[in-house]
Amino acid sequence: MVRTEDPRLLTVGGTYVDDLREPELAQAARVTFVRSPIAHALITGIDVSAAREAPGVVAVLTAADLDDLPPPPPDSGLTGTEGLPFPLGGHWSEPLFAVDRVRFVGEPVAMVITDDRYQGEDAAELVSVDYEQLPAVVGVAGALAGESLLFPPAGSNVAVSTGTPADSAAFDGCDAVVEQVIVNQRLAPVPLEGRAAAARWADGKLTLWVSTQNAQIARFILAGALGLDPANIRVVAPDVGGGFGAKIGVDRDGLLVAWAAKHIGRALRWAETRSENMLAMTHGRAQRQVVKIGGTRDGRILAYRLEIVQDTGAYSRMGGFLPFLTSLMAAGPYDIAHVETAYQVVMTNATPISAYRGAGRPEATAAIERAVDLFAAEIGMDATEVRRINLVPADKFPYTSGSGATYDTGEYVAGLDKVLTGAGYAELRAEQARRRETGDVLQLGIGVASYVEITAADADGGETARLVVHDDGTATVYTGSSAHGQGHHTAWAMLVQAELGIDMSKVTVIHGDTDLIPMGVGTYASRSLQLGGVALQKAAIEVKELGRKVAAEMLEASEADLELDVDRGVWQVRGDPATSTTWAQVAAHVGEAGLAADVNYTDGKPTFPFGTHLAVTEVDTETGKARLIRHVTVDDAGTVLSPVLAEGQRHGGIAQGVAQALLEEMVYDAEGNPVTGTLVDYAIITATELPSFELLASETPATVNPLGAKGIGEAGTIGATPATQNSVIDAVSHLGIRHIDMPLTPARVWAAISEARESR
Amino acid sequence: MKVTVTVNGGEVAAEVADRTLLVHFLRDVAGLTATNVGCDTSSCGACTVLLDGRSVKSCTVLAAQADGRQVTTVEGLSSGSEELHPVQQAFRAEHGLQCGFCTPGMVMASVSLLAENPSPTEDEVRSALEGNLCRCTGYHNIVRAVLAAASERRPS
Ligand code: FES
Ligand code: FES
């Protein structure tokens, strides 16, 4: 299989927002943001006079110019404990431009509009902002200390606090109990294309081209923020250079570009720099967790408690949703009698946290998979054996976990065994023993993580598809789902070919244009195939039934006698290939009325993909440098439509997951200044730091949707991170090391080794 | 200042500001938008093109420095989407791209690698592409594509 998207991407390149050469944008001016260089400060004055005089400057705008917007919506009353992914309102609201106070380095304070890009850089430097610095709230500890408040009227930095109180009796029957503080560090999503938008206001209508995962959601947000009728807004998502959850809808910078185009009456373009992107888009993860796990000496886990403090950064863009998902999935794939969770969401002077590939589930898996390894070490049992004993057995599905999620289908033990066999687990352990014996400088680590995750958590939000068959035998798909690398155009064409026999090459897929597709949700939470794909399949079946009626009429046969030859894409009387009619003829016969179907599929249910990852690392005990040398996985996402596309999702996710374990972290200093704010300091994983991956196949169909599909977009990051972390710790476990926080940089691993050696 | 660059075989001449980067010259003046900008610290390689046959990050070169020289971008590799260059063909066959943003730079870096080393090992491919970041593919299929393109070119 080759993708239909690729010839264009490989020869003339995609059309990302900054590549648009539409005539409407020919006169577009450039937007450059002026951002806060300070983590926490009062704004005591902004002087834009010098910038206004600079060459090429069209306008300089600040919060004072936002006088043509509707009043902010009243406080929703949401406290963020409902588990809904909405920003907290009221005291905690996020403005468009900073008003009176800045809360993170990178927050937009003003906007310079110039004729060309270089003029913008110059003029932005001339905007003079007076700040009165305030003590910065850095990290979870700083937030909880409460000495400085981001939102004084709220009286606290804690925005959400919920969960079950600790029940000390829960661990009473345990032979062994282990507790550990775990940091799931703050990450930058870094899609290779940063955020970008272009906007035009003409004839009472706003058009926004934006690099987004969800054109329709972006339109909804725009309508609310700018006080416009959605009918007067068109949002277009052209090619999008990666999203990873960080481009859901549209955020304040994009809203400001749209507003400014209307405010000054000129088309505008904006494409952020990478350094802006690292600080002003969103970050992910950022949880401090406390795990407590207990069980019997023969390996049965009896009780588990997970306490989370979610650092949500300067603004709460998702309420309590991320730690809610972490709590929901806390028990992982294990059958544990007693599970407790509790979480807090706290504000800090750092970039706001939002979804990042996995969004709450990698954090759950990282916690329980570390906990299982700690428990195994405590009782002196092989960690894979502990997993086998506690994994939910295949005959228990559907299974409701101790943390409250109902898993649909699974073959957890089989998945684990497949990976252990595929990797040659016994041989790896033998090799590890040999290296320990000889005192090899390069010690071998073997780390395993088993997981279950939730995809399409908001399945009832549905997804749309419209399918039209034309009188030239081609077909057009309008999908509410949205592509940014996943291969929707290919996958959707495959679905049409499978149902109707219309060749993939004759199927055009259109997404991300609200004029053409007013209803839709878009792509996040690994929802595309199981919702958008099913919607399209249903539309294709409706078109098929329409086609049957028409073909029966044309061939003067009864509908029951007609069959669709999917190989040739023709209707024929059963057993009589000589009498046949093509899709083109059927569509032509219908004429104007058209051969089309519209589906909004809202009957889907969340699905629970699962799997096991095994990472083999080599750790240089003299330098602390850890290197991943093998990565073997089973990622069972139900029935697979396209193995090639599914594997591609796994590859990318694994790389990002390994990167969290070994390299990546957004670091802030005591004043709240980002220390890793460029790609020079923030270590994106490169080709040299990864091996080729060993992917094993496993398909346990979902029963809640007709494609049998579960989501595959996020599995890689969910499994790979703890497998890699466990692997590095395993490599040095013979020195008495039980835990090292991520990222497992040479400095950290080396420090752990020296400390362990000293204490011997 | 006036700059004249031969881009994909055709001459492009324009009056540009002294500080104009080659990548912006290609995108805004020559109208070739396949070459992307992925960073501002010369870290990502999305902007990789060939300058006189050797790969360079076009965000680190001034348009003025390319004056009188030859530039090849991904648009110049093949005559259209029907006839792909062997490296483009291999990226397609091996699913070596997802969102496509790193792809033009990745393809040009690979072309340059294979020109210098027609039969690289997997490690050599990985090292040669160290300066080209991809956030989507985990590099797995990119490496396979480059190795496939290499064996394709080797007479068997
Ligand atoms: S744009 Fe990143 S290296 Fe040139
Ligand atoms: S394919 Fe998206 S960055 Fe490489």
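This report describes the interface between chain A and chain B and several local backbone features of a predicted model.

**Interface of chain A and chain B**

Chain A contributes 54 residues to the contact, and chain B contributes 48 residues. Between them the two chains bury about 4,400 Å², of which 56% lies on carbon and sulfur atoms. On the side of chain A, the residues that lose the most area to chain B are Leu10(A), Tyr118(A) and Leu192(A), which together account for 18% of what that side buries.

Six salt bridges are found across the interface of chain A and chain B. One of the salt bridges joins Arg117(A) to Asp28(B), with 3.1 Å between the closest N and O atoms.

Four elements of chain A give two or more residues to the side that touches chain B: helix 1 (6-11), helix 3 (117-126), helix 7 (274-280) and helix 16 (643-662). Helix 16 of chain A supplies the largest share, eight residues. By residue class, the side of chain A that touches chain B divides into 25 nonpolar, 19 polar and ten charged residues.

Ser642(A) is located in the loop between strand 27 (626-636) and helix 16 of chain A. Ser642(A) counts as buried because its relative accessibility, 6%, is under 20%. Apart from neighbours within four places in sequence, Ser642(A) is in contact with Met1(A) and Met494(A).

**Backbone features**

| Site | Angle |
|---|---|
| Phe397(A) to Pro398(A), cis | omega near -10 degrees |
| Met742(A) to Pro743(A), cis | omega near -10 degrees |
| Phe244(A) | phi near 60 degrees |
| Tyr139(B) | phi near 70 degrees |

Pro398(A) is placed in the loop between helix 10 (383-390) and strand 16 (399-400) of chain A. Pro743(A) lies in the loop that runs between helix 17 (715-731) and helix 18 (746-758) of chain A.

Phe244(A) is in the loop between strand 11 (233-236) and helix 6 (252-264) of chain A, and at 12% relative accessibility Phe244(A) counts as buried. Tyr139(B) occupies the loop between helix 4 (122-128) and helix 5 (140-153) of chain B. With a relative accessible area of 0%, Tyr139(B) is buried.

Definitions and conventions. Residues numbered from 1 in each chain as written. Chains lettered and ligands numbered in written order. Predicted model: local features only at pLDDT ≥ 70, side-chain atom pairs only at ≥ 80, totals over all residues. Heavy atoms only, no water. Contact = heavy atoms within 4.5 Å. Buried area = accessible area lost by both parts, 1.4 Å probe. Salt bridge = Lys/Arg side-chain N within 4 Å of Asp/Glu carboxyl O. Nonpolar A, V, L, I, M, F, W, Y, C, P; charged D, E, K, R; others polar. Buried < 20%, exposed > 50% of the residue type's maximum accessible area, 1.4 Å probe, protein only.
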